[in-house]
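The structure comes before the text.

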Amino acid sequence: MSDEPTGPMLPQDRGPVSAAMIGALRDGGPPAVGEAAATADPYGDDLQLALYVAYELHYRGFAGVDPAREWDPELLRVRAVLERRFLDALRADATVHDSAAVALDDLLVEPVGGDGVPHVLERSGTRSQLREYAAQRSLYHLKEADPHAWVLPRLWGRAKAGMAAVEFDEFGGGRAERVHAQLFADLMTDLGLDTTYGRYVDAAGAEMLAVVNLMSLFGLHRALRGALVGHFAAVEVTSSPASRRLAGAMRRAGAGPAAEFFYDEHVEADAVHEQVVRHEVVDGLLAAEPHLERDVTFGIDATGFLDDRFGERLLSAWQAGESSLRRAIEPDLVHVP
C-alpha cells in the first residue's frame with residue numbers, strides 16, 4: 001500500500017480475477033490470477049471489473065494505491081489477457097458493417113416505435129429510474145472526454161484538428177463550470193445522487209462497466225486508434241436525438257434545471273459535433289490512413305453492441321418491476337414534493 005490520499009476507494013471484487021487484481025493493489029504484490037483470466041466470461045462481472053480497475057490506474061487511481069502501479073508489468077500482463085478476451089468476443093459478436101459510412105448512416109435511422117432507454121424514460125420514466133440510469137452512467141460521464149483525448153497524439157491533419165475542436169467543447173471551452181463532466185455532476189446533484197468520482201462502481205452492472213471499458217481499451221492502444229475514432233463518431237452521431245428525449249424525461253419528472261441543462265446542451269452541441277466528426281475526423285483519418293476503415297467500422301459497431309446490452313439490462317429489470325442496480329444506492333438527497 002501507499003500513502004497516496006487521492007482517488008476513489010477500491011471496489012468490492014466479483015470473482016477470482018477481480019479479487020486477484022484488487023488484492024494486488026491493496027497489498028502491493030503481484031496479482032495471483034492463474035488461469036482464471038484466460039477463461040473468464042468476456043462480458044461478465046468478474047472480467048469487466050478487473051479491467052475497470054486496471055484502467056482506473058491511468059485515470060485517478062485509487063486511494064492508498066501507489067501511483068507507480070499504473071505501469072506495473074505484472075498488472076499489465078494480466079490486463080493484456082483480459083483485453084484479448086474482450087476484443088476477441090467483440091470482433092466475433094459485434095461486427096455488422098463493412099463500411100464506416102454505412103455504419104454511421106444506419107445510426108441515424110431510429111427503429112419504428114422507439115423502444116430504447118431514452119424513449120422509455122421520456123414516455124414513462126420515474127425519478128427512481130432516472131436516478132438508476134444516472135448513477136450507472138456516471139462511470140462514463142464523469143470521465144466522458146478523457147479517453148478520447150488520448151488519441152490526439154496519434155492523429156494529424158484534418159482528423160487531429162477536428163478531434164481537438166470537439167474535445168475543446170467537451171472540456172468546457174476553457175471554462176471549468178462548463179466541462180461536460182461537471183455538468184453531469186450538476187445533473188446528479190439535481191437527482192439527489194453523490195457526485196464523488198467512482199461512487200457507483202459497486203452498484204453498476206457488467207454491461208455498464210463494459211461500455212466504460214471499451215473507450216479506455218481503444219484510447220490506450222495506438223493500434224486501436226481507428227476503433228477509438230469509430231467509437232467517438234458513434235457517440236456523437238447518436239447523442240443529439242437521445243439527449244433530446246432524455247431532456248424531455250428530466251423535464252417531465254421535474255428533475256431540476258441542471259438535469260435538464262445537461263441534455264439540452266448535448267442536443268445543440270452534438271448536432272454540430274456530428275458534422276465535424278463525420279467530415280473532418282473520420283473522413284480526415286481515412287484520407288490519411290485508408291487501411292484503418294475496418295477498425296473505424298469495428299469501433300462503431302462495438303459501441304452500439306455494448307450500448308444495446310446496457311439498455312437491455314435496464315429495460316428488462318424495469319419491466320419486471322426490479323432495480324437495474326447490483327446493490328441499492330443512498331436515498332434521494334433532494335426533497336421531491
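## Helix packing

The axes of helix α7 (residues 127–141) and α11 come within 9 Å of each other and cross at roughly 10°. α7 and α11 are therefore roughly parallel (an angle under 35 degrees). This is a predicted model, in which local features need pLDDT of at least 70 and side-chain atom pairs count only at pLDDT 80 or more, while totals for chains, interfaces and linings use all residues. Residues are numbered from 1 along each chain as its sequence is written, and side-chain values use heavy atoms, without hydrogens and water.

In the contact (heavy atoms within 4.5 Å), Gln136, Arg137, Leu139 and Tyr140 of α7 meet Met208, Leu209, Val211, Val212 and Met215 of α11. By class, this contact of α7 with α11 has seven nonpolar, one polar and one charged residues.

A second pair is formed by helix α3 (residues 45–56) and helix α4 (residues 73–93), which pack at about 130°. Leu47, Gln48, Ala50, Leu51, Ala54 and Tyr55 in α3 meet Arg79, Leu82, Glu83, Arg85 and Phe86 in α4.

| Pair | Angle | Axis distance |
|---|---|---|
| α7 and α11 | roughly 10° | within 9 Å |
| α3 and α4 | about 130° | 10 Å |

α4 has 21 residues and reaches 30 Å from its first C-alpha to its last. Its buried residues (under 20% relative accessible area, 1.4 Å probe, protein chains only) include Leu75, Val78 and Arg79. The buried residues of α4 pack against α1 (16–27), α2 (36–39), α3, α11 (206–220) and α14 (293–319).

Methods: Axes are lines fitted to C-alpha atoms, for helices over the stretch in contact, and angles run from 0 to 180 degrees between N-to-C directions. Helices (H or I, at least four residues) and strands (E, at least two) are DSSP runs, numbered from the N terminus. The expected span of a helix is 1.5 Å times one less than its number of residues. Buried means under 20% relative accessible area, exposed over 50%, partly exposed in between (1.4 Å probe, protein chains only). Angles under 35 degrees count as roughly parallel, over 145 as roughly antiparallel, 65 to 115 as roughly perpendicular and the rest as oblique. Ala, Val, Leu, Ile, Met, Phe, Trp, Tyr, Cys and Pro count as nonpolar, Asp, Glu, Lys and Arg as charged, and the others, Gly among them, as polar.
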